[in-house]
Amino acid sequence: MPTSQAPLRVLLFSASLRAESLNTRLVRLAARVLEKQGATVDLASMREFDVPSYDGDAETATGIPLGAQELHRRLLANDAFIIASPEYNASMPGLLKNAIDWTSRFRPQPFDGRHALLMSASPSMAGGNRGLWSLRMPLEHLGTRVYPDMFSLAAAHKAFADDRIADEALQTRFETNLQAFLSLAEAAKHYPCIKRAWVEFLGETPGTPADRVDAA
Ligand SMILES: Cc1cc2nc3c(=O)[nH]c(=O)nc-3n(C[C@H](O)[C@H](O)[C@H](O)COP(=O)(O)O)c2cc1C
């Protein structure tokens, strides 16, 4: 990553509330790696984004709740975001989808055009990867550029060694994945032509309908 530009700011959070969460451990490790790679990290807790179940009547009566206001603020304050999410019943946790739904009610809609990297950790042999495919759906629907490669840590309950992943090849892959994501997000921030390239990559003609940019 070029060092002449301001460091990229990356919001990271785990979608688990558990004190001994494997996903929180993974996201903390990601934050340390990103710092070494030159990024400025904003490590958040899912508790900061706590919201009641989405209710359109409550939204009309009292507006968007504080937890979603906080997620909105942190999305805007950073250049990109990373979520480490548990897999619950082959999908994403309900509390994460609920937080995304509330936060998507802001205009301009804050997920649009942002770069995201998804990761998961699970004791299972699939590492929670199916949950990430479900998480891609609302994020891509909202216009987030979800990085194609995702990192899922299998047998995560015995995969960590102190402050790294015990398996050297996996640790290297983890760091490479983060570096590649950072490079793309950095290019998108400093070289706006990448936005056009991304849209063309999706096979869409650049322009207002494809850009999915809300009127302020
Ligand atoms: C309701 C529920 C459903 C789960 N479903 C899955 C699943 O489909 N796939 C999987 O790999 N693990 C599943 N698990 C196990 C979680 O991956 C495991 O509890 C993991 O440690 C949760 O993430 P955390 O450690 O970050 O809290 C499930 C756990 C719960 C509580």
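Predicted model: local features only at pLDDT ≥ 70, side-chain atom pairs only at ≥ 80, totals over all residues.

**Notes on the model**

1. Arg25, Arg28, Arg32 and Lys36 come together on the surface as a patch of positive charge.

2. Lys36, one of the patch residues, belongs to helix α1, which spans residues 22–36. Lys36 has a relative accessible area of 76%, and it counts as exposed because that value is over 50%.

3. On the overall fold: the protein contains 8 helices and 8 strands. Of its 216 residues, 49% are buried. The exposed surface comes to about 10800 Å², with carbon and sulfur atoms supplying 54% of it.

4. Contacts across the sequence also deserve a mention. Taking contacts between residues at least 6 apart in sequence, 77% join residues at least 24 apart.

5. Helix α4 covers residues 94–103, and its buried residues are Leu96, Asn98, Ala99, Ile100, Trp102 and Thr103. The elements that cover them include the strands β1 (9–14) and β3 (80–84), together with the helices α2 (56–62), α3 (66–77) and α5 (129–141).

6. Asn177 sits in helix α6, residues 168–190. Is Asn177 buried or exposed? Its relative accessibility is 4%, so Asn177 counts as buried, the cut-off being under 20%.

7. Leaving aside residues up to four places away in sequence, Asn177 touches Leu117, Tyr147, Asp149, Met150 and Phe151. For one of these, Tyr147, the separation from Asn177 is 30 residues in sequence and 9.5 Å in space, C-alpha to C-alpha.

Methods:
Residues numbered from 1 in each chain as written. Heavy atoms only, no water. Patch = residues over 30% accessible without salt bridge, like charges linked within 9 Å, V, L, I, M, F, W, Y side chains within 5 Å. Areas by Shrake-Rupley, 256 points an atom, 1.4 Å probe, with all protein chains shown as cover. Salt bridge = Lys/Arg side-chain N within 4 Å of Asp/Glu carboxyl O. Lys, Arg positive; Asp, Glu negative; His and termini not counted. Charge placed at Lys NZ, Arg CZ, Asp CG, Glu CD. Helix = DSSP H or I, 4+ residues; strand = E, 2+ residues; numbered from the N terminus. Buried < 20%, exposed > 50% of the residue type's maximum accessible area, 1.4 Å probe, protein only. Contact = heavy atoms within 4.5 Å.
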